[in-house]
Amino acid sequence: MTTTVTLTGAGGQIGYALLFRIAAGDMLGPDEKVRLRLLEIPAGLAAAEGAALELQDGAFGLLEHVEVTDDPAVGFDGADHALLVGARPRGPGMERGDLLAANGSIFGPQGSAIAAHAAAGVRVTVVGNPANTNALIAAASADGVPAERFSALTRLDENRARGQLAAALDAPVAEIAGVTIWGNHSATQFPDVAHATVAGRPVWEALAEQTGDVRTWLESTFIPRVAKRGAEIIQVRGSSSVASAANATIDHVRDWALGTGERRTSAAVVSHGEYGVPEGLISSFPVQSAEGEWRIVEGLDPDDWAREHIDRSVAELVEERDAVRALGLI
Ligand code: NAD
Ligand code: LMR
């Protein structure tokens, strides 16, 4: 079988880190052939064309075809998976929401182009920030494409949370499971360890031995570390995360396409009112995937403290939705 993957921002940093892993089969598996469509704006075309030359030089057995274009009609033609990465990254001192005015206008036209040209079963993953609300804009403009086909990346936050827990508990990261990111991919997000385990044992129990007062450690150390990790990366390396963002995108799409089984992960998907999140918002939830569909895992029963954190992040999503409404973007 061959899957058509459209990547916007293919000439950018994350695009360059993604392309070779997609071509190597990391995203869709070792048996799935791939047709790549690299969509850029004119200023980014040369970089995307350079990446296409290198893809040819990689002699990837799974890669059937590469097309570089600045025309969305061509770029999204027949797309089974659309990865919407193309957008401006934030710089030092900015919050991701500050990018709404600069980036929001990209996603409406792309949503319309997806509706007009992509494959009937297209799945859309939004990475460009502010990712949740950009996904909302794209979904609102994609007439006839169900909102369930749009998701935004919070897997990077989940991976960061697992990395922090592994370090705190001196455990291999592969043994940390069941972390949930709730809400927005922003500093208000809630990385939730209530149901997380380390080698099958509740993380909360293991943390109690290490930290004494778990909730204080979560509030003062863990939550801010995870929620502000993007800003920390920008401060330390001078520009926003690239390889870890590409890696999380690969993880997210692989889970969506190939399924999670019983494993839970996090993704920002459309709410139907689950956990009291207003219908229509694209919010991060605990999810599983089967047969190409995300399913929100219900019944995790957040306590009052968790509820407060979730509500704060969801309130920010409501504000962002209202702001893009006021800008006429939805
Ligand atoms: P970059 O500036 O290196 O690349 C962005 C590319 O997008 C550029 O080549 C640009 O020409 C292209 N582009 C701009 N508008 C476009 C359009 N309308 N159509 C197609 N291409 C377009 O930036 P980057 O480091 O690759 O980051 C890309 C985005 O991903 C940023 O918004 C960044 O904040 C976001 N990001 C999100 C996460 C996440 O976890 N959700 C993580 C890291 C970065
Ligand atoms: C990240 O989380 O690293 C990205 O969203 C980039 C950013 O602006 O933080």
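The C-alpha centres of domain 1 and domain 2 lie 23 Å apart. These domains run over residues 2–152 and 155–321, with bounds that come from an automatic or database domain assignment. The model is predicted, so local features need pLDDT of at least 70 and side-chain atom pairs count only at pLDDT 80 or more, while totals for chains, interfaces and linings use all residues. Residues are numbered from 1 along each chain as its sequence is written, and chains are lettered from A and ligands numbered from 1 in the order in which they are written.

Where the two domains meet, domain 1 puts in 34 residues and domain 2 puts in 33 residues; contact here calls for C-beta atoms, placed from the backbone, within 7 Å. On the domain 1 side, at least two residues each come from helix H1 (13–23), strand S4 (81–84), strand S5 (123–126), helix H5 (131–141) and strand S6 (150–152). Helices (H or I, at least four residues) and strands (E, at least two) are DSSP runs, numbered from the N terminus. H5 has the largest share of that side, with six residues. By class, the side splits into 18 nonpolar, nine polar and seven charged residues; Ala, Val, Leu, Ile, Met, Phe, Trp, Tyr, Cys and Pro count as nonpolar, Asp, Glu, Lys and Arg as charged, and the others, Gly among them, as polar.

Then there is the core. The largest nonpolar core has 88 residues, and Leu7, Ile114, Val126, Ala135 and Ala138 have the most contacts inside it. Both domain 1 and domain 2 give residues to this core, so it lies between them. Such a core is a set of buried Ala, Val, Leu, Ile, Met, Phe, Trp, Tyr and Cys residues joined through C-beta atoms within 7 Å. Leaving aside residues up to four places away in sequence, Ile114 touches Phe76, Ala79, Ala82, Val122, Val124, Ala142 and Val145.

Ligand 2 also draws on both domains, with at least three residues of its shell from each. Around it sit Pro89, Arg90, Arg96, Asn129, Leu156, Gly230, Ile233, Ser240, Ser241 and Ala245, counted by a C-beta atom, placed from the backbone, within 6 Å of the ligand. That makes four nonpolar, four polar and two charged residues.

Over in helix H10 (residues 243–258) is Leu258.

Note on methods. Buried ≥ 20, exposed ≤ 12 C-beta atoms within 10 Å, placed from the backbone.
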